[in-house]
Amino acid sequence: MRVCLASTSPARLALLRQSGIEPITMAPEVDEDAVADAAEAERGAPLSPEEVVLLLGRAKAADVVGRLRTDQPDFDGIVIGGDSMFALDGRVYGKPHTAAEATRRWTEMRGRTGVLHSGHSVYRVRPGEPAVEAHAIAEAAVSFSPDVSDAEIAAYVASGEPLFVAGAFTIDSLGGAFIDRVDGDPSTVVGMSLSTLRRLTGELGVTWTDLWNRSQG
């Protein structure tokens, strides 16, 4: 059973590898802002963070499935797509991109709890047959330590790690020391909920352990 990750995120790739799965990777060609703007225009109202991450996760997976059909018509396996957003008091925190913005966010987040929303889309792809999809949203509440000092924030931002990740933090690297608690599947905070993926693959008739193709030695 082959696995294609519709993402080039190092964190998502590492998560699957740690779970015994060595996927091929393919970057989705999706204009995320355009997709979200079109959906909001059609509705005539803003989308919630949960709706956005599911919309984008599904769009990314569908794009890769379509290109696999052309580039690798013999592909037999699953395609996994996802998207994540962090929200604090209803405000969405995407990737900060700049040191100043990352510092501002960490100053706001310390001592508080926000929610990481993660959309998941899984396709079962077989040669010559229509692809079948299952999707779901996972959430995890993240509580940041109240005693994180300004000096620690400055050092963390200077590391560069928080600049290009949703919410300006990680749990599986340098940022983990500044997080007191996670309520929910911790892997959701990394980028994908493994328990959610297992459930979705099961809905598609695929046993999770059949995806194990990586030596853990």
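**Group meeting: strands, a pocket and some aromatic rings**

Okay, let's start with the fold: β1, α1 and β2 make up a right-handed β-α-β unit. Right-handed here means that, with the strands pointing away from the viewer, the path from the first strand over the helix to the second runs clockwise. The helices (H or I, at least four residues) and strands (E, at least two) are DSSP runs, numbered from the N terminus.

Before I go on, this is a predicted model, where local features need pLDDT of at least 70 and side-chain atom pairs count only at pLDDT 80 or more, while totals for chains, interfaces and linings use all residues. Residues are numbered from 1 along each chain as its sequence is written, and side-chain values use heavy atoms, with hydrogens and water left out.

Back to the strands. Two of them pair if DSSP finds at least two bridges between them. β1, residues 2-5, runs parallel to β2, residues 24-25, and two bridges join them; C4 sits opposite I24 in β2. β1 also pairs with β3, again in the parallel sense, over four bridges. On that side, L5 has I80 of β3 as its bridge partner.

The largest pocket has a volume of about 840 Å³, a volume being the space filled by probe spheres set on the points, which are joined across faces, edges and corners. Its lining has 35 residues, and R12, D83, S84, K95 and A166 lie nearest the centre. α1 (10-18), α2 (32-43), α3 (49-71), β3 (77-88) and α6 (186-190) are the elements that give two or more residues to that lining, and β3 gives the most, with four. By type, the lining has 18 nonpolar, ten polar and seven charged residues. For that count, Ala, Val, Leu, Ile, Met, Phe, Trp, Tyr, Cys and Pro are nonpolar, Asp, Glu, Lys and Arg are charged, and the others, Gly among them, are polar.

Next, the aromatics. Rings of Phe, Tyr and Trp (its six-membered ring) pair if their centres lie within 6.5 Å; planes under 30 degrees apart are stacked, over 60 edge-to-face, and the rest tilted. The whole structure has eight aromatic pairs. Take W106 and Y156: the ring centres are 5.5 Å apart and the planes sit at 85°, so this pair is edge-to-face. F178 lies in the loop between α5 and β7 (179-183), 72 residues from W106. W106 and Y156 are both buried, meaning under 20% relative accessible area, with exposed being over 50% and partly exposed in between (1.4 Å probe, protein chains only). F178 is buried as well. F86, Y93, W106, F144, Y156, F169 and F178 form one aromatic cluster.

Most residues other than glycine have a negative phi. D89, though not a glycine, has a positive phi of about 55°. D89 is in the loop between β3 and β4 (91-93). Is D89 buried or exposed? Exposed, at 65% relative accessible area. A168 has a positive phi too, near 70°, but A168 is in the loop between α5 and β7 and counts as buried, at 0% relative accessibility.

Methods:
On a 1 Å grid over the protein atoms alone, a cavity is a set of points where a 1.4 Å probe fits but cannot get out, and a pocket is an open set with protein on both sides within 12 Å along at least five of seven lines; lining residues have an atom within 4 Å of a point.
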